[in-house]
Amino acid sequence: MTEIAPTTTQPALEVLDLKTWYGASQALFGVDLNVMPGEVVGLVGRNGAGKTTVLRSIMGLLPRQTGRILIGGLDATTRGPAARARLGIGYCPEERAVFASLTVAENLALPPSIGPSGLSEAEIFALFPNLESRRHHYGGQLSGGEQQMLAIGRILRTGARTLLLDEPTEGLAPVIVRQIEAALITLKRRGYTMLLVEQNFGFVLRVADRVAAIEHGAVVAESIVDDPDLAEQRLAQHLVL
Ligand SMILES: Nc1ncnc2c1ncn2[C@@H]1O[C@H](COP(=O)(O)OP(=O)(O)OP(=O)(O)O)[C@@H](O)[C@H]1O
Ligand SMILES: [Mg+2]
């Protein structure tokens, strides 16, 4: 009888023993992390723990790093940021980086296409209805929440299916946080993969399947989000609650 090998699913994103330095100062001390296709992993931790540095290192934006980064099973370690993006990954930075002197429509027209699954402008407006009435407004005229929606919309234009989101709810009013939450849950249902950096732990528990806690530049605990209270208990000592 022939044996059928079990089908193994490749992680959408794999980070192995990642160490990163800013000049002489080491910020990451061997981060191991993986995100399966369609999974949302929350990355939490105190200020300065290294969350943003993990995302920047995955994108290849920091010059001094060691370890390995695999995107969709392909080794991206020696590739530059543009080549990593072409492997299907999109980065939404903490500072949102919306072009202030371009309109919403122009901001959405700008990103390069990296694959066939890029959302149309209409699909982005369906996901973020607030943006549609702001179509001809300049980036600089938008509220913080609208800028965040535009920043997420922009990476969805590219066709990226793995999203790295850095504190998408930071500084936003609860009503806007709920709109972003609804959009991320819609994207999750559509099979997008996400690594979600957040300080808002309640938000993480509502969106993520699994949460990793980072402390002093290393992942120190992980929990699946089976029961939100249990997940909170498992990670509480690593959080600012
Ligand atoms: N440009 C930089 N130059 C030097 N050190 C930096 C730089 N950016 C970050 N660091 C240091 O690297 C460490 C990790 O910072 P990082 O920004 O990744 O933390 P974080 O978890 O994202 O924090 P926050 O919650 O405040 O956004 C910190 O000690 C920080 O001071
Ligand atoms: Mg940060």
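This is a predicted model: local features need pLDDT of at least 70, side-chain atom pairs count only at pLDDT 80 or more; totals for chains, interfaces and linings use all residues.
Six strands form an open sheet, with mixed pairing, in the order 6-7-8-3-9-10. Strand 6, residues 89–92, and strand 10, residues 218–224, each have a single partner strand, so they stand at the edges, and one side of each is left without a neighbour in the sheet. On average, and ignoring direction, neighbouring strands here are turned by 15 degrees against each other. Within this sheet, strand 3, which covers residues 40–44, pairs in the parallel sense with strand 8, residues 193–197, over four bridges, and if you look for leucine 43 on your screens, its bridge partner in strand 8 is valine 197. Packed on the sheet is helix 7, residues 174–189, which touches strand 3, strand 7 and strand 8, and whose direction makes about 150 degrees with that of strand 8.

There is also an open sheet of four strands, in the order 2-1-4-5, and here the pairing is antiparallel. Its edges are strand 2, residues 25–35, and strand 5, residues 74–75, each with a single partner strand, so that one side of each lacks a neighbour in the sheet. Strand 1, residues 13–22, and strand 4, residues 64–71, pair in the antiparallel sense over seven bridges, with lysine 19 having threonine 66 as its bridge partner in strand 4. Helix 1, residues 51–59, packs on this sheet and touches strand 1, strand 2 and strand 4, its direction making about 110 degrees with that of strand 1.

Finally, which residues are closest to ligand 1? Of the 13 residues that surround ligand 1, the closest are Gly48, Lys51, Thr52, Thr53 and Gln199. Turning to side-chain contacts, an N or O atom in the side chain of asparagine 47 is 3.0 Å from an oxygen atom of the ligand, while a polar side-chain atom of glutamate 94 lies 3.4 Å from a ligand oxygen, and for glutamate 167 the corresponding distance is 3.5 Å. Taken alone, ligand 1 exposes 630 Å², and the protein buries 60% of that.

Notes
Residues are numbered from 1 along each chain as its sequence is written. Chains are lettered from A and ligands numbered from 1 in the order in which they are written. Side-chain values use heavy atoms; hydrogens and water are left out. Two strands pair if DSSP finds at least two bridges between them. Helices (H or I, at least four residues) and strands (E, at least two) are DSSP runs, numbered from the N terminus. Axes are lines fitted to C-alpha atoms, for helices over the stretch in contact, and angles run from 0 to 180 degrees between N-to-C directions. Contact means heavy atoms within 4.5 Å. A residue is near a molecule or strand if one of its heavy atoms lies within 4 Å of it. A polar contact is a pair of N or O atoms within 3.5 Å; within protein, one must be able to donate a hydrogen and the other to accept it, and residues adjacent in sequence count only if both atoms are side-chain atoms. Accessible areas come from the Shrake-Rupley method with a 1.4 Å probe; for residues, only the protein chains shown count as cover.
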